[in-house]
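I opened the model to look up how the chains touch. I kept short notes as I went.

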Amino acid sequence: MAALIYTLCALTCATCAWLLLRGHRRTRFRLLFWAGLCFAMLTVSNALVVADRIFLPDVSLATWRLATTLMALGLLLYGLIWEGE
Amino acid sequence: MSQAEDSGGEAIADDVRRFILTSIPSVPFMEAMLIFKALPGQPVPTRSVAERLYVGERQAAALVEQLRQARIVEAAGGGAHRYAPDAALAAMLDRLALAYVHNLIGVTRLIHSRTERMAQQFADAFKFRKDR
Amino acid sequence: MNEMLIGAIAAASIAAGLFFFRFWRTTRDRFFLLFALSFWIEGVNRVVLYELAGLDDDAPVYFLIRLLAYGLILVAVIDKNRGPRRRE
């Protein structure tokens with residue numbers, strides 16, 4: 001159940017990442033680039049939860065997951081703060 | 001005189017608003033576009049643009065290049081360009097020019113509005129189909 | 001280390017939510033309100049549930065709230081692609 005939900009979350013993030021990066025390709029608006037990267041990394045973060053639970057039960061990927069999430073949010077904030085034009 | 005927050009004149013149509021936020025990066029860009037638009041089909045040298053806008057030639061050249069990449073003008077040889085948007089773009093630019101006349105404050109506010117611009121760009125990316 | 005990361009993530013989530021909240025205030029497009037709520041819920045989620053449930057992602061309350069947060073994003077995307085332009 002947990003794995004299913006986290007997979008769904010990963011898919012949602014992947015969809016957002018795809019839409020944003022596609023938007024960046026079309027328009028060159030840089031905010032979309034950073035936001036797209038953010039959601040791509042959030043996809044990885046959610047996927048790592050599933051991997052942590054199922055494939056690597058004896059090792060905890062918690063720190064990696066958290067670091068990935070933090071970096072993702074950092075990229076998003078960078079784009080929101082700097083890219084305005 | 002209307003004290004509406006959004007405008008000092010007529011309201012700006014949604015699609016014109018969207019066009020401004022996604023395609024008009026600055027007021028000089030707008031003014032340069034209007035210069036070319038006033039002389040459709042005629043080659044306009046960059047030097048003229050610089051004089052009319054009271055800017056340096058390099059800045060004028062940069063604006064003309066932006067207009068060219070936006071397919072609003074095309075090269076006409078000899079350092080000049082002419083107004084040459086396709087039909088759909090021309091129609092939108094006509095409406096934009098009208099809005100600029102009837103609501104200068106509203107249009108320039110939109111051009112300068114960083115937050116609205118970013119919001120529009122972000123939201124637009126999530127539309128599956130481009131025409132929505 | 002993990003606590004630090006969680007705290008930083010919570011702060012960053014709330015900050016990101018603030019940007020989206022501002023977008024909503026400026027444009028009145030509920031798309032942004034949903035994004036703001038999503039990021040805020042996730043931010044608060046991290047801190048509160050870390051206190052209650054530790055890092056155990058198996059705890060139902062943890063992933064149910066995350067489901068809610070991401071569900072809001074899904075709703076926002078679907079809503080944006082459905083009806084005609086409506087600004088409220």
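Entry one, chains A and C. I looked up this contact in the predicted model. Chain A puts in 18 residues and chain C puts in 20 residues. I then asked which elements of chain A supply at least two residues each to the side that touches chain C. They are helix H1 (2-27) and helix H3 (62-82) of chain A. H3(A) gives the most to this side, with eleven residues. I sorted the chain A residues that touch chain C by kind. I noted 14 nonpolar, four polar and no charged.

Entry two, chains A and B. Here I found ten residues of chain A in contact with eight residues of chain B. On the side of chain A that touches chain B, two elements of chain A give two or more residues: H1 and helix H2 (30-54). How many residues make up the largest share, the one from H1(A)? I noted four residues from H1(A) on the side of chain A that touches chain B. By kind, the residues on this side of chain A are six nonpolar, three polar and one charged.

I looked up the pLDDT and found an average of 89 for chain B. In this chain, 92% of the residues score at least 70. I then turned to residues 1-6 of chain B, where the pLDDT is below 50. Beyond near neighbours in sequence, this stretch has four contacts in the model. I wrote those four contacts down beside the pLDDT of below 50 for the stretch.

Key. Residues numbered from 1 in each chain as written. Chains lettered and ligands numbered in written order. Predicted model: local features only at pLDDT ≥ 70, side-chain atom pairs only at ≥ 80, totals over all residues. Contact = placed C-beta atoms within 7 Å. Nonpolar A, V, L, I, M, F, W, Y, C, P; charged D, E, K, R; others polar. pLDDT = per-residue confidence, 0-100.
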